[in-house]
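Let us read a structure together, one feature at a time. Take a look first.

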Amino acid sequence: MRYHALNDIKVVDLTHFIAGPYATKLLADYGAKVIKVEPPAGEGGRGPLFAFLNTNKLGVTLDLKHPRGRALIRELLADADLLVENFAPGTLARLGLEPSELLETFPRLSLVSISNFGQDGAESGGMLSDLTLFARGGWTFPIGERDRAPLTPPGSLAQYVGGLYGAVGAMQAIFARDLTTHRGQHVDISLLEATVATMIYETVAFQYNGILRERAGRRFAVGPFLIVTLKCRDGYAGLQCVTDKQFQGLCDLMQRPDLKTDDRFNTALKRMVSNDALLEIVAGFFLEHDRRWLYREGQARAIPLVPVPSVAEVLEWEQTRARDYFETIDDPALGRIRIPGAPLRMHSHRPDATRPAPRLGQHNREVLGALPGVGADGLATLERSGVIAGASA
Amino acid sequence: MTTIFQKKIRVLDLSMGWAGPLAGQMLAEMGAQVIKVEDTHYFDWWRGSLSMAPPEVQPIERAATFNTANRGKLGVTLDLLNPRGIDLVKRIVAHSDILIENYSPGVMERFGLTYEILAPLNPRLIMISMPSFGYGGPETFSRGYGNTVEAMAGITGLARYHDSDQPYTLSNALGDPVGGLTGTFGILAALHERETTGRGQWIELAQVEGVIPLLAGQILEYQLTGKVPAPRGNRHPDFAPHGIFRCAGGEEHAWLALAAHSDDQWRALARALGLERLATDPRFIDLASRKANEDALDAELTRALATVPIDEAVSRLRAAGVDTAPVNSAPAVLGDAQLQDRGYFVPIDRAVVGTHLYPGAVARMSATPAAQEAPAPLLGEHNAEVFRELLGMTEAELAELESAGVIGTAPRDYRKAS
């Protein structure tokens, strides 16, 4: 979907990989005019994920190492509200786009920089991958079995968290300019800090109680709750039993009303002390039932209990079907394919259908051709000298 | 320097737990005035349970989670099962720009606080609802928290060791912070739209729909290959070594993550650890060989790293240009040199618990720094301030509301309430 809430915002998008492109994708999906600038060879990789992360963006090519490319990016910035980038710190300056100079030259422009460790500090510019970002940021330590190594989370989840902070930070810059400072500014986002920000259990709780949260196997933690992933007859189910009411509902589900008044379990504190005993009872019950039955019967008792679906099952989940959540696009590289839809449903207006991610240089003519320094005839010259690539005709 | 909103934007925060409250807390950091409403019976469940400690210890004022997610807010209490409480919510709505709620569908309807009812009182109101699975569809009324939302998005099913079926829930209830961040973005988008249209709106965020995009890569992979992506554990299909290994040290928490992203990095890694023989071992000579012999490779590294103190391993590997990090526990995160260098954690003094470090604002704004000094409110701490200044109540009216039980500062255990 493409909403229109941000349709007066213009973004020059110099991002690559995940965090930066997800930030600008959110801006584009909610209406901003996002011009994705790729090098003439295309964004490194340009794998399948490109099709998702670049929907609703306009695509142009520019060689920023070429003097003409640098001159043209400045023409794009002249009426832009945001420049979003996730190069290693210092890269922009080396490309002749020094942040403080840009803010001086283009007073309405704000810069959003997303980097591994932030723009300053001893390790600014250092290396991180999903594995080491999760580890360093504290997500990995409490996951897994006690007699095995900690288990790293799947995928590139923290990159997306960084992207969300980037999109929020971009909007903060717009509001600061429009309501308060009347000038742009530099927004500096560290992926490490974004990762740590979502780990408040660890950092704050440890200071409060001095208890080091250890790996708790199938359990989220040992606490006054039962949050656990349990084997069922036909797969796994996730249970999140936190409140007294949910515990009572769980006892009803298991047809064990006696446990409600059992002296080991009848308060939250006791359920923490007797967590192992409670887990044993519940795990035994789950093992004898199918996950769909547990899901239906648990939810009927207002217990947050879910089957643990595979990615394939998420795509076929009747809830996402009923809500038309996944959107089918006709991607120039992948063909017809389903992608996750816009997460927020705004009710002030009807959204348009999603525009697929651009082909390399697809909007060179529309965007670059309209710049005073180019003109329609200039595109062919630029392509011949290697400043741009892709569709110029 | 000044904040973004300079208290000119007012937020009514009816949410509990983490997702909704995080959105309110971020708006408070931006300088909005955020009024958090709780019920003395049904206070925010993230405060924990009254049964955790005797009343004089004030257990519900000692929850690290609540005290983090509600920083910078004004705290008021209102009995939402009492029509007078609902009436007061409506009076605050009339003075508010934003309303945040993350109740299960049906609750706001029972309160009589739907957008249809509230919008006529304040056409500029932006209301965001953040149910787990959305309004509409067969799972409208299903319950979920951060971990269950994370599971239904497909994440839990992928979180397994490479050689085991058992899935693990993530350590941070990821559905919650992702919901809060996505919700904050939506609120700001609607606020921006209001600058043009002059009108507010209702925004719906099914939290699971905010989390599924984080697995877009795996969802595309499944459609393109027809195969459900295999769980990776600590390994990676394109790199080896790629894993987590225990280092030497008196304590059992010295785990190190490392990865070689190229053959050159592998040789640099081996040499940095004094493992010349592995760098030239034909079993590990290129990526294909290392993947084929990954169990043997991991066993060699496990043996070698077991005798190297973790700090030494980190500094040797970093000097060699290898991607590495300690698997940080809570105290290690708090002591992380780069986070300290940038002053990431901020000290805040709060009643009952004292001064602690809290995670700071992630977006570092060069011109409009975050407002971060104010702690989370005690239950009903700002009743007098808000009702007097915002609604113009007199002391007598406040006293009457308190004696009628509509407001209060003492938690009431609903199981014992009449």
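Q: Is Gln6(B) buried, exposed or partly exposed?

A: Count neighbours. A residue is buried with 20 or more other C-beta atoms within 10 Å of its own, exposed with 12 or fewer, and partly exposed in between, C-beta atoms being placed from the backbone. Gln6(B) has 15, so it is partly exposed. This is a predicted model: local features need pLDDT of at least 70, side-chain atom pairs count only at pLDDT 80 or more, and totals for chains, interfaces and linings use all residues. Residues are numbered from 1 along each chain as its sequence is written, while chains are lettered from A and ligands numbered from 1 in the order written.

Q: What is the phi of Gln6(B)?

A: Most residues other than glycine have a negative phi, and most peptide bonds are trans. Gln6(B) has a positive phi near 50°. Gln6(B) sits in the segment before strand β1 (10-13) of chain B. Strands (E, at least two residues) and helices (H or I, at least four) are DSSP runs, numbered from the N terminus.

Q: Which residues does the cis peptide bond in chain B join?

A: Ala240(B) and Pro241(B), with omega about -5°. Pro241(B) belongs to the loop between α9 (216-225) and β7 (242-246) of chain B.

Q: How many residues of chain A are in contact with chain B?

A: Contact means C-beta atoms, placed from the backbone, within 7 Å. Here 119 residues of chain A touch 120 of chain B. Helix α7 (residues 157-181) of chain A gives the most to chain A's side, with 16 residues.

Technical notes:
Contact = placed C-beta atoms within 7 Å.
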